[in-house]
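Visitor: I would like to learn how to read a protein model, one feature at a time. Could we begin with the charged side chains?

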Amino acid sequence: MNEPLVIARAFHLASTLLLAGTIMFRCFVAAPAFRAKAGGALEDGLRIRLTWIVWAALAVAMLSGAAWLVFVAAEIGRSSVADAVSQGLAWIVLTQTAFGDAWVLRLEIASLLAVLLLLPKPNPRFESATDIICAMLAAGLAASLAWAGHAAATEGLDGTIHLASDALHLVAAGAWLGALWPLSIMLGRARKAGDPVSAAIAYQATQRFSILGLVSVATILTTGVVNTYEILGMMAFSMMGTDYNRLLLAKICFFIAMLAIAAVNHQRLTPQLSAERDSQRAMRQLRWNSMTEVGLGLVILAIVAVLGRVPPHLHG
């Protein structure tokens, strides 16, 4: 199984999706909500917190990506990690394989993203344009993970469809799962502020997040079906004796649990934010539900990290 490689994959998946989701949340959820109503201290505090998350996620993504590369090189060379580095195996994998080509591209995207994040923002229009470009780069970083999974091994037209579907799957996962923690932070700060303006901003942001979530979930469902068919064909769940199918079923169960919580948030709790007497309770419950979804999502990412190492058609 190569446990260190699985752990590196899990950390890289989680940090990349968190990076993409946080930037998308800031660009498409928080910023429009604050434009509608000036946020003051709430806006400033959230901006600082999200900036810390973005940089931390980017740092973890870079480090875990490097670890992933080294572990792959050690596995290919059947050597220790130290030997893979000292003997140049990691450099060979980076410069002479398709996996390495994908990693070079991802490093370039991450570097450009870091540069844009460091740029000064002289005016709101420039900041808005920069945020959109950063969101596109973060989405590209998430999408490029498709070239490190089973989709990269699929050939021909099916391979093209599988890669495109997996890339969309990853971007949608980042937009939904990766943005849940930023949403919970915003709800917590708005509840702590305790004023009508903060409650109104939280309502606007939650509505926008609901739209983003609905689009993301629809994309995840559609691309999930395509990915499953491309990997397993018509025998998707007819062979539950395989490790791969059992893990896939567990992933689907956790995803359904996330959908159930999201449905409660959308149908019951979000409308209550607009009622002054219910807004505090609704924000508290939405925050806890969002963190519960984050926990379920992390379990799903751990399963995905293992799935990438399990041959789809082998019995356990």
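Guide: A salt bridge is a side-chain nitrogen of Lys or Arg within 4 Å of a carboxyl oxygen of Asp or Glu. Please keep in mind that this is a predicted model, where local features need pLDDT of at least 70 and side-chain atom pairs count only at pLDDT 80 or more, while totals for chains, interfaces and linings use all residues. Residues are numbered from 1 along each chain as its sequence is written, and side-chain values use heavy atoms, with hydrogens and water left out.

Visitor: How many salt bridges does this rule give?

Guide: The count comes to four salt bridges. In one of them the side chains of Asp243 and Arg246 meet, with 2.5 Å from N to O.

Visitor: Where do Asp243 and Arg246 lie in helix 9?

Guide: Helices are DSSP runs of H or I with at least four residues, strands are runs of E with at least two, and both are numbered from the N terminus. An α-helix has 3.6 residues a turn, so residues three or four places apart point the same way. Asp243 and Arg246 are three residues apart in helix 9 (residues 243-272), which means that about one helical turn separates them. Another salt bridge joins Arg47 to Glu43, whose closest N and O atoms are 3.4 Å apart, and this pair is four residues apart in helix 2, again about one helical turn.

Visitor: Which parts does the salt bridge of Arg309 and Glu75 tie together?

Guide: The side chains of Arg309 and Glu75 meet at 2.3 Å, N to O. Arg309 lies in the segment after helix 10 (276-307) and Glu75 in helix 2, so this pair ties together parts that are 234 residues apart in sequence.

Visitor: How do I read the length of helix 2?

Guide: The expected span of a helix is 1.5 Å times one less than its number of residues. Helix 2 has 37 residues and reaches 54 Å from its first C-alpha to its last, close to the 54 Å expected. Helix 5, with 21 residues, reaches 31 Å, which is close to the expected 30 Å.

Visitor: What follows helix 2?

Guide: Helix 2 is followed by Arg78, found in the loop between helix 2 (41-77) and helix 3 (81-86). The phi of Arg78 is near 50°, a positive value in a residue other than glycine.

Visitor: Is Arg78 buried or exposed?

Guide: Buried means under 20% relative accessible area, exposed over 50%, and partly exposed in between, with a 1.4 Å probe and protein chains only. Arg78 counts as exposed because its relative accessibility is 82%. Arg26, in helix 1 (residues 3-36), counts as buried at 15% relative accessibility. Leaving aside neighbours within four places in sequence, Arg26 is in contact (heavy atoms within 4.5 Å) with Ala31, Leu50, Thr51, Leu117 and Asp131.

Visitor: How many disulfides does a search of the whole structure find?

Guide: A disulfide is a pair of cysteine sulfur atoms within 2.5 Å, and the search finds zero of them. For Cys134, the closest cysteine sulfur is in Cys27 at 8.7 Å, which is too far for a bond. Cys134 is buried, with a relative accessible area of 1%, whereas Cys253 is partly exposed at 46%.
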